[in-house]
Structure formats: C-alpha cells, structure tokens
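Please go through the model below with the following paragraphs at hand.

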Amino acid sequence: MREVAVIGVGMHKAGKFLDKSLKDLGQVAIWNAIHDAKVNPGDIGCAYFGNALGGAITGQHMVRGQVVLRYAGLSGIPIINVETACATGTLAFREAWICVAAGLYDVALAVGVEKLYLADTAKSIRAMATGSDVDYFGDLGFQYMGMYGGNLRRQTGEKGKEGGMGWTQELFAKMAVKGKYNGSLNPYAQYQKRMTVEEVLNSRVVAYPLTLYMCSTMGDGAAAVILCAKEKAHNYSSRPLVTVAAQVTRAAAFVDPRRQPEMDVIDETPSGPTGRDKVAYEAYEIAGIGPEDVDVAEMHDAVAPTELNSYSSLGFCDRGEEKEFFESGRSQITGDIPVNTSGGLAARGHPIGATGLYQIGELVWQLWGEAEPRQVAGRKKQGPKVALASNGGGVVEGGPAAMCATILKR
Amino acid sequence: MSDQVEKKRIPVREGFFHMPESAEDEPYLIGSKCRECGYVAWPSRPVCPACVRDDTMEEVALSRRAELVSFSVLYQAPAGFDFSIPYIQATVRLPEGPTLFTMVSGVEARADALKIGQEMEMIVDKLREDEQGNDVVSWKFRPV
C-alpha cells in the first residue's frame with residue numbers, strides 16, 4: 001500500500017436550496033475541487049459518490065453517483081455509490097484512499113452530496129429515521145433528537161449518579177455559541193450568524209434539554225476531495241503535502257450489557273466503560289501518535305453539546321473533565337486543540353452524505369494554512385501538522401452503526 | 001347504509017410483544033434467549049451475538065418492569081405523529097439486559113415528569129391510526 005496525498009478540496013455551501021438538485025450541488029463541489037487540485041479531469045481514475053437519502057428525498061434510488069457525475073462531465077470511469085448514513089462522506093474518502101493506496105489509480109475523487117431540506121420537515125425527519133433498523137425505528141414515532149435529548153438529559157444529573165455529569169442547559173448553549181461563532185468565519189457554513197447564550201436558550205425546545213439552535217438542522221450541500229498517490233502529487237500540487245496517516249471505519253461492535261452495565265447504550269459515542277472512542281484510538285496507533293499530538297479536530301456533533309463527550313472519548317482530556325476543558329478555552333480556535341473550527345455539524349450544517357467530506361476538507365485547509373479567518377496555529381505554534389476527523393453514522397443497539405476516524409498529517 | 005365496521009387493534013410490529021387477548025391477559029415483550037450463554041435479545045433474533053451461533057436462541061417472555069435510563073420531551077414529530085406533540089420518548093432497560101426505546105404514557109409531557117432510574121411498567125397502547133381507521137398499538141411504558 002503506497003502513501004496517498006490530498007491535492008484538492010471543493011465545496012458547495014451548506015444551506016437550504018429547494019431549487020437545486022443533487023446534480024447542481026455535486027457539480028459545484030466537484031469542479032471547485034478540480035480547479036483547486038489543478039488536475040486535468042481526465043486524470044481522475046475513479047470516483048466514490050456518497051449519498052444517503054437521495055432515494056427517499058428525490059426518488060433517485062439507484063445510480064445516483066453515475067447521474068450526478070455525468071452531469072459534472074465525468075463518465076467512463078468506475079463510479080461507486082457508497083452509504084453509511086451520517087458517515088457516508090468519510091466512507092467515500094476511505095474507499096478513494098484504498099483505491100489509490102492499492103495502486104489501481106493515481107488520482108481518485110471522493111464526493112458527498114445531500115438534499116435533505118423539504119418544506120415539510122416531518123418528511124425529512126421520517127427519512128432520517130432510516131439510519132437505523134426500520135423494523136425498530138420506522139414509523140413508531142421515534143426520532144434521533146429524542147435520543148440525543150434523552151442522553152444529554154441524563155448527563156445533566158448529579159455527577160457520578162445514573163450517568164450524570166453535572167452539566168447544565170446553559171453549558172449546552174455555550175457549546176452552540178462556540179459552533180455558531182466558528183461558523184460565522186466559514187463561508188461554507190449553513191449558519192453564519194453569531195449568537196448569544198440567551199438567544200440559544202430562548203430558541204424553541206426541540207427535545208428537552210435541546211433547543212433549536214443547539215441542533216444540526218435540515219440542510220443541503222456537497223463536498224469533494226481529490227486524492228493522489230504521494231509520489232505523483234508534485235505533478236499537481238505545490239502545497240505542503242498532506243497525507244492520510246490512518247483511516248479506520250468499523251460497524252458498531254456488539255455490546256453485551258451483562259459485561260458492560262455502566263455503558264450508556266444507544267449513545268452517540270462508542271465509549272463503553274473505558275470512555276474511549278475505540279476507532280479513534282485504533283487510528284492513533286496506526287498513525288503512531290497519541291491524542292496529545294493532534295493539532296486540530298473535527299468531530300460529529302449531531303447536536304452541539306455532544307462535543308463535550310468527544311473531548312474525553314478522543315483523549316483530549318479525562319472523563320469527567322470535559323466542562324473544565326471547554327471552559328479553559330482549549331477547544332476554541334485560539335486554543336491548543338481546536339475542535340470543529342468549521343462550526344461543526346450544528347453550525348456548518350449536516351447534509352448527511354457530505355458531512356464526512358466537509359470535515360476532511362476543513363482539516364486539509366487547516367493543514368495547508370488556508371483556513372483564514374479561522375486558521376489555527378497548532379500546538380507548537382508552527383502551523384498544525386496533525387488533524388483528526390471523527391465521524392459516526394446511523395444508530396444500532398450499542399452505538400453508532402458505523403464509526404470512523406481519519407488522521408491526516410502534513 | 002352506515003358502515004359499522006368494527007375498529008381493530010393492530011400491533012405495530014408482529015412478534016415484538018404479546019397482544020393481550022382479554023382484560024386479565026397481561027402484555028409482555030417477546031425476546032430471545034441463548035440457551036448456551038444466557039444472553040437475552042429484544043427484538044428476537046436467530047443468532048446469539050455473544051456466541052455467534054445460529055442454533056442456540058429460543059423465544060422468551062420478558063419482564064414487564066424496566067428501569068428508566070433516559071427520556072426527552074419532544075416538540076416536533078416525524079410525519080404521521082403530529083397529533084402527539086409534545087410527547088416523551090424514553091430509553092428503558094429490562095432486568096434481563098435489553099435496552100429499548102419506548103413512548104411514555106401516563107404522565108404529562110414535561111421535563112420534570114420522570115426521574116432517571118425510576119421503575120416503569122410495560123403496557124400496550126394506541127400509537128396511531130392506520131388509513132382504515134384501525135388503532136395501531138405498540139409497547140409503551142408508564143411509571144409504576
């Protein structure tokens with residue numbers, strides 16, 4: 001397996017675009033990436049197209065990638081459709097990486113596109129429930145927001161009792177404010193308006209303790225990344241080389257509640273009794289680093305407050321110290337381990353099939369030093385060198401249906 | 001001509017729970033238990049995930065009582081459930097092990113309506129109606 005570099009990133013702003021199709025969104029992201037990579041489109045050897053709900057929302061159940069890429073002028077190459085709910089974009093990246101690393105092609109495209117927004121939100125909510133076993137979730141009135149709200153409600157309990165962490169709704173609002181602030185510095189973010197804690201708390205309650213502005217809402221968008229064999233990257237890019245140091249993707253492991261009674265099953269983070277994100281730690285090991293080496297990270301905040309759990313599950317602080325970690329400012333853009341500089345899912349938006357690539361794209365810009373005005377300095381103030389993307393998708397008993405961790409190095 | 005068609009009670013899922021046939025008949029969840037390692041699953045499944053064997057799972061009736069793990073009051077609903085806003089969606093844990101989602105009945109849908117860890121009991125109750133006007137019923141839990 002040879003080393004693979006990223007040579008181009010392209011995005012379409014996340015937002016509500018009733019008048020744009022999957023084709024429109026995809027074409028913009030793809031060509032932004034092609035121009036950014038300075039690559040001849042004919043050099044793209046294969047493409048991985050990520051999309052989760054194109055069938056449910058637009059009716060395009062089959063051949064989505066082929067249809068969208070043809071509109072963007074690409075055909076005749078292997079085009080593979082991939083899906084793992086909210087981790088779809090990362091899966092497209094993973095497959096494109098493997099394809100180049102294995103030596104099949106020198107240049108590969110990973111693109112994720114999603115249309116989620118319908119004037120009738122209830123329909124979108126219903127479609128999103130298919131990210132779980134439909135026998136279990138379908139048409140029973142269950143919704144993800146109820147699960148996220150319930151888990152956080154539990155964590156507002158007294159620290160140490162019944163899964164409580166001593167967190168407050170006000171702390172949750174502060175997480176949302178951070179996201180919105182970062183989003184205001186990101187031209188591709190769905191939400192670019194800064195907010196106050198008061199505004200977040202006064203927005204309508206979605207699923208207590210979650211208010212509207214704490215949640216990622218319906219949005220459309222597209223993001224694309226072009227990968228190239230490291231040994232050939234100089235043909236296209238004169239930027240500092242950013243390579244894939246690790247990519248780990250796993251379906252949630254079976255959890256035996258008899259052996260792990262303390263674990264918060266049906267939780268967003270696959271943390272278990274050790275509190276660690278197993279997939280992230282596997283990626284750290286492959287990349288030969290530890291969490292203390294990460295300069296910048298994107299994590300999967302389906303609702304802004306869950307970023308708190310990631311501080312410990314990704315190893316940036318110990319379990320139980322997330323609140324202090326946040327309040328010390330370390331995860332802000334100016335901190336030593338900035339998290340979700342893009343605004344995260346809650347502010348940047350969460351067009352499901354594209355999210356993983358929005359995360360990776362943001363990290364690549366950070367590593368290239370092209371992320372002003374939200375550019376981070378890196379732990380050693382020499383520019384960031386190591387970036388981590390943590391992306392989960394779907395829900396099954398015991399946690400996310402799929403969990404991914406990607407480490408990029410400059 | 002009036003259509004006095006009898007309204008039916010239809011379970012939202014087959015095999016997930018026992019539908020009481022009379023007032024004295026109690027409802028319960030139906031799961032499967034591995035006769036080798038004792039692992040209990042709900043809903044039922046043919047393969048024991050602990051043993052990874054397809055020849056050891058047997059159908060079992062589960063406890064009607066459960067512990068409340070988490071809950072949230074919802075102010076938005078998926079298509080077909082608008083009538084129920086606000087409602088409580090919860091996670092409960094059965095003594096045999098399985099953790100499951102459930103709607104909550106018997107309390108007003110408020111943030112302070114329930115206490116994490118409290119005991120809940122299973123009932124079968126109307127979830128929604130189908131196009132023919134029949135009652136679609138489901139497992140739900142209410143405070144003991």
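A residue is called buried if 20 or more other C-beta atoms lie within 10 Å of its own, exposed if 12 or fewer do, and partly exposed in between, with C-beta atoms placed from the backbone. This is a predicted model, in which local features need pLDDT of at least 70, side-chain atom pairs count only at pLDDT 80 or more, and totals for chains, interfaces and linings use all residues. Residues are numbered from 1 along each chain as its sequence is written, while chains are lettered from A and ligands numbered from 1 in the order in which they are written.

Helices (H or I, at least four residues) and strands (E, at least two) are DSSP runs, numbered from the N terminus. Helix H4 of chain A covers residues 88-101. Of the 14 residues of H4(A), 12 are buried; among them are A:Leu91, A:Phe93, A:Arg94, A:Glu95 and A:Trp97. The expected span of a helix is 1.5 Å times one less than its number of residues. For H4(A) this gives 20 Å, and the end C-alpha atoms are 20 Å apart, which agrees. Just after the helix, A:Gly103 has a positive phi of about 90°.

Domain bounds come from an automatic or database domain assignment, which in chain A gives domain 1 (4-120 + 220-235) and domain 2 (143-215 + 244-409). The C-alpha centres of these domains of chain A are 24 Å apart. Two residues are in contact if their C-beta atoms, placed from the backbone, lie within 7 Å. Domain 1 of chain A puts 34 residues into the contact and domain 2 of chain A puts in 31. On the domain 1 side, strands S1, S4 and S7 and helix H4 of chain A each give two or more residues, and H4(A) has the largest share with 8 residues. That side divides into 21 nonpolar, 9 polar and 4 charged residues. Here Ala, Val, Leu, Ile, Met, Phe, Trp, Tyr, Cys and Pro count as nonpolar, Asp, Glu, Lys and Arg as charged, and the others, Gly among them, as polar.

Next comes the sheet of chain A. Two strands pair if DSSP finds at least two bridges between them. An open sheet of 9 strands with mixed pairing runs in the order S3-S2-S4-S7-S1-S8-S11-S10-S9 in chain A. S3(A) and S9(A) each have a single partner strand, so one side of each has no neighbour in the sheet. Within the sheet, S10(A) and S11(A) pair in the antiparallel sense over 10 bridges, and A:Ser390 stands opposite A:Ala405.

In chain B, which strand has 6 of its 6 residues buried? Strand S8 (residues 99-104) of chain B does, so it is largely enclosed by the rest of the structure. B:Thr99, B:Phe101 and B:Met103 lie on one face of S8(B), and B:Leu100, B:Thr102 and B:Val104 on the other. S8(B) pairs with S7(B) in the antiparallel sense over 5 bridges, with B:Thr91 and B:Phe101 as bridge partners. These two strands of chain B form a hairpin with 5 residues between them, and B:Gly97 in the turn has a positive phi of about 125°. S8(B) is also joined to S10(B) by 2 bridges, in parallel, where B:Met103 partners B:Lys140.

Finally, 33 residues of chain B are in contact with 32 residues of chain A. S6, S7 and S8 of chain B each supply at least two residues to the chain B side, and S6(B) gives the most, with 6 residues. That side of chain B has 20 nonpolar, 11 polar and 2 charged residues.
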